[in-house]
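Take a look at the structure below.

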Amino acid sequence: MTRRRLVVVGLLLAAAGAYLALDPGRFLNLDYLKSHWAPIDSWVRAQPLTAALAYFVAYVAITGLSLPGAGVMTLLGGAVFGLAWGFVLVSFASTLGATLAFLSARFVLRDWVQARFGDRLRALDAGIERDGGLYLFTLRLVPVFPFFVINLLMGLTPIRTWTFYWVSQLGMVAGTLVYVNAGTQLATIDTPAGILSPALLASFALLGVFPWLARQAVDLLSARRIQAGWPKPVRFDRNLIVIGGGSAGLVAAYIAAAVRARVTLIEAHRLGGDCLNTGCVPSKALIRSARLLSQIRRARDFGIRSAQAEFSFGEVMERVRGVIAAIEPHDSVERYTSLGVEVVEGTARVVSPWVVEVTGRDGARHRLSARSVVIAAGARPHVPAIPGIDEVGYLTSESVWDLRELPARLLVLGGGPIGCELAQTFARLGATVTQVESAAQLLPREDPEVSDLVVGRFRSEGITVLLEHRASAFVVENGEKLLLAEHHGSEQRIRFDALLVAVGRVANLAGYGLEELGIGGDRRIETNEFLQTRHPNIYAAGDVVGPYQFTHVAAHQAWTAAVNALFSPFRRFRVDYSVIPWATFVDPEVARVGINEREARERGIAYEQTTYRLDDLDRAIADGEAHGFVRVLTVPGKDRILGATIVGEHAGELIAEFVLAMRHGLGLNRILGTIHVYPTFAEASRYVAGNWKRAHAPQRVLAWVERFHSWRRR
Ligand SMILES: Cc1cc2nc3c(=O)[nH]c(=O)nc-3n(C[C@H](O)[C@H](O)[C@H](O)COP(=O)(O)OP(=O)(O)OC[C@H]3O[C@@H](n4cnc5c(N)ncnc54)[C@H](O)[C@@H]3O)c2cc1C
């Protein structure tokens with residue numbers, strides 16, 4: 001705790017101590033006020049201004065320090081100053097005092113609460129930032145919630161001080177009026193609580209609900225206003241139309257069909273989208289071939305004197321095509337039709353919030369209507385506007401699969417997951433690979449130590465990794481392609497035969513009606529937490545929304561969007577990004593769930609870090625893969641997992657244990673108490689939990705246990 005905080009805490013404690021010692025509570029009760037009414041009244045009449053000021057200061061002090069007595073003080077205000085002046089004094093004094101209490105709680109406790117529980121409170125904080133005023137207003141109106149608790153708790157949330165002030169002042173008007181008015185009849189009151197009859201309480205509750213009803217009405221009206229330019233069909237042909245048959249669209253359509261809704265899925269190219277055709281599946285198939293080659297090259301590491309591989313790049317790429325063909329039936333028109341989805345092959349265009357026009361592959365157009373639409377149109381590779389890029393020509397993650405000849409010198413632009421996976425794969429297949437990244441590390445989302453391991457392996461495999469190199473232009477000189485890159489003020493010239501651009505992916509936003517409906521943002525469709533766009537019946541899921549562009553996230557979003565589209569307003573779900581895992585399938589694999597050190601520092605989350613190095617693991621040693629680590633971030637002093645990063649063999653599989661643990665609130669003690677098969681890589685999760693346990697061994701208890709054992713030896 002900082003010195004300033006200590007001073008504030010000291011002052012608050014001193015004030016509370018003084019209150020206890022002086023016990024002003026003996027004056028702040030109805031019996032005392034009634035029995036001493038005559039002298040109080042005559043003093044106030046003699047010195048009205050002094051009395052008002054003294055009353056105001058006392059009221060602010062009591063509420064500001066969260067001391068008991070505010071109820072009686074309010075009655076006294078009515079009794080002494082009458083309804084009008086009593087109301088003005090109480091209204092301002094109570095709001096000022098509440099704000100002081102709010103600020104004290106914020107100053108003393110907020111940082112600590114955020115550091116300790118920040119990750120758990122994220123959803124609550126987001127809700128308060130969005131609707132905090134409304135929540136507060138309701139709490140203020142319904143006087144069953146103790147006001148001092150509201151002040152203190154609100155101080156721990158991100159609500160703005162000014163919002164807190166004015167909403168409190170407004171929200172307390174009704175309650176203040178009732179109490180001050182009751183105070184004008186002081187002689188007839190027995191207890192402050194008796195003022196609130198059940199009928200009055202019910203009226204307050206109704207008043208509290210009113211803002212929510214008003215908000216629903218405003219939402220409805222604003223939806224009507226947004227959609228006013230488009231005629232709403234009297235009846236809908238379908239419950240749901242899904243645009244795009246990739247990972248997100250397929251799941252959305254499947255969910256709709258499973259709950260017996262009438263659903264149409266429209267796909268412009270190939271069902272399966274990026275993941276099946278140009279993303280996860282082909283990349284993992286190619287990685288497998290490249291990995292085999294790398295293992296053959298390492299034959300000596302496994303006691304085999306010599307091993308050679310003869311292969312043609314074209315045949316390897318044909319295998320990739322074969323893998324896609326083998327998986328294709330999972331995402332085929334036939335399968336989805338049999339599941340109850342109407343699959344339409346053509347390009348969709350949203351022409352109104354309820355109507356989608358499809359241009360079939362034969363050019364024929366027809367219109368479909370639905371109560372709701374899910375947009376799952378995916379993303380495409382971003383190609384930066386670097387001078388000369390069109391002249392040298394480039395490959396992307398979409399076109400690279402058509403290669404049948406291995407480029408001799410491949411330049412990979414970008415050090416993210418896709419760039420890294422393809423750089424290592426092409427190098428292992430025999431290309432001379434140069435990878436250029438403008439940041440100071442590869443895989444910029446991960447911790448630097450992760451990047452160091454990957455860069456070390458890449459360089460040992462012959463890849464030239466150029467970090468902090470900013471591509472400025474492409475040129476062709478004497479028939480040779482060159483990248484001009486800026487590196488710490490000097491110009492580097494990098495020669496290559498083929499260029500692979502992997503600098504990120506941008507959402508497909510243009511050309512299918514979104515602009516006309518005002519849907520979209522700069523780089524992705526903007527939605528609320530229910531995945532609704534500005535048109536409440538149009539939802540979006542997958543890469544077109546982001547922020548995580550992974551197949552499993554697309555599937556989760558699609559489930560949320562489909563369920564909300566079909567059952568809202570009766571039942572709806574918020575999209576949940578609290579536990580999102582991912583893996584980059586380089587060698588060594590990199591997998592993560594939750595936060596890493598970089599994010600913990602950026603977000604000011606307190607953490608402890610425990611590492612287990614895989615060079616200690618029996619199975620890793622036996623397999624000749626004794627490198628990498630498992631690192632877990634936990635809440636200080638507790639076994640609750642904030643995040644885990646694994647670098648090494650099978651990292652993408654091993655992370656599942658931490659995903660499960662985080663999702664279901666299981667700590668490291670639970671992992672430690674679970675039997676794992678020997679010898680496996682999975683044991684690493686237990687060993688990291690063991691390292692944590694050793695670091696938190698209760699030394700005092702152990703000292704006593706040692707004494708116990710020595711006593712038993714006697
Ligand atoms: C090389 C590479 C490797 C990857 N590896 C992994 C991985 O290992 N793990 C992982 O989780 N993720 C991986 N991804 C990411 C993953 O592929 C995407 O996150 C996922 O495919 C997103 O699914 P989606 O449904 O949002 O979009 P998409 O799969 O792109 O589907 C969108 C579909 O919409 C269609 N469409 C667009 N506009 C229209 C229209 N107007 N009318 C009709 N149809 C339309 C498109 O034709 C497309 O089929 C990888 C991506 C790439 C490029």
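## The ligand shell

Which helices and strands each supply at least two residues of the shell around the ligand? In this predicted model, four helices do: helix 10 (247–258), helix 11 (273–277), helix 12 (280–297) and helix 19 (551–567). Strand 2 (263–267) and strand 3 (342–352) do as well.

The ligand is surrounded by 36 residues. Ala248, Glu267, Lys284, Asp543 and Thr551 are the closest. By type, the shell holds 17 polar, 13 nonpolar and six charged residues.

## Polar contacts and cover

Asp274 uses its backbone, with a polar atom 2.9 Å from an oxygen of the ligand.

How much of the ligand's accessible area does the protein cover? On its own, the ligand has 1,000 Å² of accessible area, and the protein covers 92% of that.

## Helix 24

Helix 24 runs through residues 683–695, which makes 13 residues. At 1.5 Å a residue, the helix should span 18 Å.

Which residues of helix 24 are buried? They are Glu683, Ala684, Ser685, Val688, Ala689, Gly690 and Trp692. These buried residues pack against two strands, strand 18 (608–613) and strand 19 (629–634). They also pack against helix 22 (651–663) and helix 23 (668–672).

How values were computed: Residues numbered from 1 in each chain as written. Predicted model: local features only at pLDDT ≥ 70, side-chain atom pairs only at ≥ 80, totals over all residues. Heavy atoms only, no water. Expected span 1.5 Å × (residues − 1). Buried < 20%, exposed > 50% of the residue type's maximum accessible area, 1.4 Å probe, protein only. Contact = heavy atoms within 4.5 Å. Near = heavy atom within 4 Å. Polar contact = N/O pair within 3.5 Å; in protein donor to acceptor, adjacent residues only side chain to side chain. Areas by Shrake-Rupley, 256 points an atom, 1.4 Å probe, with all protein chains shown as cover. Nonpolar A, V, L, I, M, F, W, Y, C, P; charged D, E, K, R; others polar.
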